[in-house]
Amino acid sequence: MRRLFIAGNWKLNKNINEAERFASELKSALIDINTVDIAVAPTVLALPTVCKKLQHTNIEVSAQNIHSHASGAFTGEIAAEMIRAAGATYTIIGHSERRAIFGEKDEFINQKVHAAFRSGLLPILCVGETLEQREAGHASSIVITQLKKGLNGLSPDQLSCVTIAYEPVWAIGTGKTASPEQAQDMHAQIRSWLYASFPAFVGDQLRIQYGGSVKPHNAHALLSKPDIDGALIGGASLKVEAFVSIIETAASL
Ligand code: PGA
């Protein structure tokens with residue numbers, strides 16, 4: 001019912017030339033994949049070049065972040081409308097690095113989610129608990145609170161087009177993956193909350209990606225879980241072979 005969605009978050013890696021070359025390699029390697037949704041998120045500097053390279057292919061482009069305003073006195077920021085005009089389809093919002101390093105709060109993240117829809121971009125909203133919060137038994141309440149605040153005010157139709165990326169902070173870039181059972185358990189709780197809070201089609205259609213040290217060797221176990229609808233991949237999305245291998249795994253399911 002829900003197509004798997006694999007997205008690569010390149011973070012602060014790859015200059016324009018490197019990004020263009022990488023996009024070309026991905027384009028040829030993934031040309032035959034037509035059962036999985038695929039996206040890559042280059043830096044905003046490389047984004048227009050990557051969009052051109054991947055135009056009319058099976059690979060969509062995502063921004064890593066947007067600002068909540070369309071224009072104005074916001075030095076250093078980029079508007080959702082500008083990202084959309086460059087040819088992107090998605091934007092990541094509320095990544096844990098934005099929350100932890102740049103101090104982004106749920107209310108601001110919610111404004112960005114609305115800005116994405118206003119501009120025609122589809123949001124990939126990241127949520128996740130820290131190790132301390134998990135050990136204190138607060139993982140689910142933290143995640144559900146981030147979702148309630150982050151998705152506040154969206155219509156059911158908009159909600160059904162959101163992608164949630166559940167990324168436990170302790171699993172990002174650390175090599176520590178949540179076990180497939182731990183990940184499935186949180187995804188199922190998110191799904192139950194969606195069914196309890198919104199019309200059923202939202203719970204049926206909204207995709208929940210898992211993120212945090214997803215690699216070729218653990219992709220199969222994670223992606224075969226019923227409520228895991230894809231992956232948001234950092235480190236392993238920077239190498240053609242690893243990223244393609246994960247996508248091929250998804251396509252085989
Ligand atoms: P990772 O990053 O795959 O390197 O753990 C995931 C992410 O931050 O989205």
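This is a predicted model: local features need pLDDT of at least 70, side-chain atom pairs count only at pLDDT 80 or more; totals for chains, interfaces and linings use all residues.
**Exercise 1. Describe the shell of residues around the ligand.**

Step 1: sort the shell by class.

**Exercise 2. Which backbone atoms lie within polar-contact distance of oxygen atoms of the ligand, and how much of the ligand is buried?**

Solution. Step 1: apply the cut-off, which for N and O atoms is 3.5 Å.
Step 1: go through the backbone N or O atoms.
- S213 has one at 2.7 Å from a ligand oxygen.
- G235 places one 2.8 Å from an oxygen atom of the ligand.
- For G234 the distance to a ligand oxygen is 2.9 Å.

Step 2: turn to the surface of the ligand. Taken alone, the ligand exposes 280 Å², and the protein buries 97% of that area.

**Exercise 3. Identify the pocket that holds the ligand and describe its lining.**

Step 1: give the volume. This second largest pocket has about 170 Å³.
Step 2: list the lining. It consists of 17 residues, with K11, G173, S213, G234 and G235 nearest the centre of the pocket. By class, 5 are nonpolar, 9 polar and 3 charged.

**Exercise 4. Describe the largest pocket in the corresponding terms.**

Solution. Step 1: give the volume.
Step 1: name the central residues. Of its 19 lining residues, K11, Q64, N65, R98 and F102 are the closest to the centre.
Step 2: assign secondary structure. Helix α4, residues 96-101, gives the most to this lining, with 3 residues.
Step 3: count by class. The lining of the largest pocket has 8 nonpolar, 7 polar and 4 charged residues.

How values were computed:
Residues are numbered from 1 along each chain as its sequence is written. Side-chain values use heavy atoms; hydrogens and water are left out. A polar contact is a pair of N or O atoms within 3.5 Å; within protein, one must be able to donate a hydrogen and the other to accept it, and residues adjacent in sequence count only if both atoms are side-chain atoms. Accessible areas come from the Shrake-Rupley method with a 1.4 Å probe; for residues, only the protein chains shown count as cover. On a 1 Å grid over the protein atoms alone, a cavity is a set of points where a 1.4 Å probe fits but cannot get out, and a pocket is an open set with protein on both sides within 12 Å along at least five of seven lines; lining residues have an atom within 4 Å of a point. Helices (H or I, at least four residues) and strands (E, at least two) are DSSP runs, numbered from the N terminus. Ala, Val, Leu, Ile, Met, Phe, Trp, Tyr, Cys and Pro count as nonpolar, Asp, Glu, Lys and Arg as charged, and the others, Gly among them, as polar. Grid points are joined across faces, edges and corners, and a volume is the space filled by probe spheres set on the points.
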